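Work through the following exercises with the structure open beside you, and try each task before you read its solution.

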Amino acid sequence: MSTPKFIAITAATCPAASRSGALNELANFAQDCRQNGAVRVTYGSVISGRYPGALVNVQFFDDLQGFESVMNMIPQSSAYSRMVSDHAVAPFARNVFRGKPIEFEPKLEPTPKYLMLTRAHRGSLEETAMLDLLNKTAPVFKSAGAQTMRMGQTLTGSDLGTYMLGVTYPDMSAIERTYDALVASPEFGQLMNGLEIDMRSITKIAGIL
């Protein structure tokens with residue numbers, strides 16, 4: 001699985017009454033992002049965690065020039081303008097992450113339905129050891145039903161230096177199986193002992209482009 005060099009995650013508030021229309025426009029905006037530098041876009045709404053109901057837009061880039069192109073496109077995007085003016089969408093966070101290597105072959109059929117984001121600070125673990133333990137636990141995620149796995153370290157935005165792990169699943173049962181299986185993994189135990197988890201949320205995926 002190729003490692004994206006950079007990942008941008010944007011979160012926005014949205015009134016419940018506007019969410020359906022906002023997600024339709026977010027699909028159009030995702031197309032704009034793909035046409036202006038993003039190599040993949042995943043979007044949806046948070047159903048559990050710190051910001052329930054928030055919209056989430058995750059973009060993957062081969063380089064920061066792609067990110068710059070998307071930022072330059074936003075003022076000209078009619079879809080983005082409609083999200084803000086017609087559906088009261090208000091971005092409150094945008095972080096850029098540098099991708100870290102995870103050995104995980106993706107499976108995009110069926111289309112993943114849920115994205116779990118976990119943010120952590122390194123405690124006693126050096127980055128090399130952390131990535132080694134995560135790669136050793138990746139087969140546990142895979143065998144339990146996880147479909148993709150990505151990790152990045154925060155470069156800009158809030159919580160600089162923290163790490164974000166994103167894992168997609170086809171259903172809630174796969175999430176439950178994964179965490180049941182991880183309990184028996186000694187490598188996962190070492191990983192948790194060396195990290196400080198400060199956020200975990202589940203986003204219901206509305207689309208992947």
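**Exercise 1.** Count the aromatic pairs in this predicted model, and describe the pair that Phe29 and Tyr80 form.

*Solution.* The count of aromatic pairs comes to 3. A pair of aromatic rings is described by the distance of the centres and the angle of the planes. For Phe29 and Tyr80, the distance is 5.4 Å centre to centre and the angle between the planes is 50°. Since rings count as paired when their centres lie within 6.5 Å, and planes under 30 degrees apart are stacked while those over 60 are edge-to-face, this pair is classed as tilted.

**Exercise 2.** Describe how helix H4 (residues 127-144) and helix H6 (residues 186-193) pack.

*Solution.* Begin with the geometry: the axes of H4 and H6 are 8 Å apart, at an angle of about 145°, and the crossing is left-handed. Next, find the residues in contact, which are Met130, Leu133, Leu134, Lys136 and Thr137 on H4, and Glu187, Phe188, Gln190 and Leu191 on H6.

**Exercise 3.** Which element gives the largest share of the lining of the second largest pocket?

*Solution.* The second largest pocket holds about 330 Å³ of space, and among its 20 lining residues the closest to the centre are Ala11, Tyr51, Ala93, Arg119 and Met199. Two or more residues come from each of the strands E1 (6-13), E4 (90-100), E5 (114-122) and E8 (195-208). The largest share, 5 residues, belongs to E4.

Conventions. Residues are numbered from 1 along each chain as its sequence is written. This is a predicted model: local features need pLDDT of at least 70, side-chain atom pairs count only at pLDDT 80 or more; totals for chains, interfaces and linings use all residues. Side-chain values use heavy atoms; hydrogens and water are left out. Axes are lines fitted to C-alpha atoms, for helices over the stretch in contact, and angles run from 0 to 180 degrees between N-to-C directions. Helices (H or I, at least four residues) and strands (E, at least two) are DSSP runs, numbered from the N terminus. A crossing is left-handed if the near helix is turned anticlockwise from the far one by less than a right angle, and right-handed if clockwise. Contact means heavy atoms within 4.5 Å. On a 1 Å grid over the protein atoms alone, a cavity is a set of points where a 1.4 Å probe fits but cannot get out, and a pocket is an open set with protein on both sides within 12 Å along at least five of seven lines; lining residues have an atom within 4 Å of a point. Grid points are joined across faces, edges and corners, and a volume is the space filled by probe spheres set on the points. Rings of Phe, Tyr and Trp (its six-membered ring) pair if their centres lie within 6.5 Å; planes under 30 degrees apart count as stacked, over 60 as edge-to-face and the rest as tilted.
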